[in-house]
Amino acid sequence: MKKPIIKTEKLTKIYNLPAEKIKAIRDIDLEIFPGDFIAIMGPSGSGKTTLLDSLGCLAKITSGKLTIMEKDVSYANENTLVSMRRKFLGFVFQDFLLIPSLTALENVELPLYFSRKIVNKRHSIELLNKVGLGHRINHLPTQLSGGEKQRVAIARALVISPKILFADEPTGNLDTKTGKEIFQILQGLNQKDGLTVVLTTHNNELGSQATRIIYLRDGVIVSKEESSLIPA
Ligand SMILES: Nc1ncnc2c1ncn2[C@@H]1O[C@H](COP(=O)(O)OP(=O)(O)O)[C@@H](O)[C@H]1O
Ligand SMILES: [Mg+2]
């Protein structure tokens with residue numbers, strides 16, 4: 001039997017604000033397997049980003065258990081979480097988060113400096129080629145379209161050869177056609193390279209192409225039937 005690459009047990013994250021406690025996700029039980037392509041869906045505020053950030057070691061959990069690649073990281077310190085991210089986890093965000101003063105190529109290479117890995121220009125260019133941006137390697141983010149920026153962001157996420165790629169609304173800032181193209185790149189990475197992909201999306205058409213959809217509502221996992229009772 002395949003072992004899960006991510007496993008959660010009663011995973012819960014509470015934001016402690018001065019005036020209130022917000023239970024953003026509660027009692028999440030999940031098993032994600034190598035090669036899965038998971039879409040986390042649900043209305044705004046249902047906890048999608050919080051769940052993704054927790055799984056991606058970007059946020060500390062409040063209670064429950066989180067195991068990534070068989071390592072219990074539930075209450076790991078910041079250094080361990082950083083190390084997990086730098087070695088194994090790639091991230092893509094809705095608003096690309098490129099460094100404006102760096103070229104496409106330099107943006108792609110950036111994680112290697114943080115990870116103290118050898119910078120291999122040829123590999124970075126290969127990755128830009130792979131996402132269809134080989135002809136724009138010396139462009140600055142301001143000289144790129146939204147779809148092109150997201151391609152750079154995907155190449156940047158891939159540069160460390162991650163085991164899991166997380167993407168938070170990767171098509172959220174893109175028009176329908178460009179969004180589809182970006183989604184297809186992520187699908188290709190999953191289908192051709194076997195990369196495990198976990199993303200959030202509001203887009204039913206794209207989400208329905210995932211191997212599994214996790215529906216959230218008010219911070220808990222609900223069934224497809226329950227999810228359809230509420231507007232996105
Ligand atoms: N940093 C934060 N501090 C306090 N509350 C937050 C924070 N981030 C998210 N929340 C709250 O947690 C809940 C889930 O938010 P989020 O995970 O961003 O949902 P989604 O991505 O589905 O829109 C919401 O009620 C939101 O207001
Ligand atoms: Mg969100």
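Modeller: Start with contact: two residues are in contact if their C-beta atoms, placed from the backbone, lie within 7 Å. In this protein, residues 24 or more positions apart account for 69% of the contacts with a separation of 6 or more. This is a predicted model, where local features need pLDDT of at least 70, side-chain atom pairs count only at pLDDT 80 or more, and totals for chains, interfaces and linings use all residues. Residues are numbered from 1 along each chain as its sequence is written, while chains are lettered from A and ligands numbered from 1 in the order in which they are written.

Biologist: How many helices and strands are there in the protein?

Modeller: Helices (H or I, at least four residues) and strands (E, at least two) are DSSP runs, numbered from the N terminus. The protein has eight helices and 10 strands. Its radius of gyration (taken over C-alpha atoms) is compared with a globule rule, 2.2 Å times the number of residues to the power 0.38. The radius is 17 Å, close to the 17 Å that the rule gives for 232 residues, so the protein is as compact as a globular protein of that length. The C-alpha trace spans about 45 × 45 × 40 Å along its principal axes.

Biologist: Which residues of α5 are buried?

Modeller: Count neighbours. A residue is buried if 20 or more other C-beta atoms lie within 10 Å of its own, exposed if 12 or fewer, and partly exposed in between; C-beta atoms are placed from the backbone. In α5, 12 of the 13 residues are buried, including Val152, Ile154 and Leu158. They pack against β6, α3, α4, β7 and α6. Across the protein, buried residues make up 40% of the 232.

Biologist: What is valine 92 in contact with, leaving aside its neighbours within four places in sequence?

Modeller: Valine 92 sits in strand β6. It counts as buried because it has 24 C-beta neighbours inside 10 Å. Its contacts include Ala153, Ile154 and Ala157. Proline 170 is another of its contacts.

Biologist: Which residues in the largest nonpolar core touch the most other members?

Modeller: In soluble globular proteins, nonpolar side chains tend to be buried together. A nonpolar core is a set of buried Ala, Val, Leu, Ile, Met, Phe, Trp, Tyr and Cys residues joined through C-beta atoms within 7 Å. Here the largest has 59 residues, and Ile38, Ala155, Leu165, Phe166, Val197 and Val198 touch the most other members. Helix α5 gives the largest share of this core, six residues. Not counting residues up to four places away in sequence, phenylalanine 166 touches Leu52, Leu55 and Phe91, among others.

Biologist: Where does cysteine 57 lie?

Modeller: Cysteine 57 is in the loop between α1 and β4. Its phi is near 60 degrees, a positive value in a residue other than glycine. Cysteine 57 has 25 C-beta neighbours inside 10 Å, so it counts as buried. Phenylalanine 96, in the loop between β6 and α3, has a positive phi near 70 degrees.

Biologist: Which residues surround ligand 1?

Modeller: Among the residues around ligand 1 are Tyr15, Ile22, Gly47, Lys48 and Thr49. Helix α1 supplies the largest share of the shell, three residues. Strand β2 supplies at least two.

Conventions: Near = placed C-beta within 6 Å.
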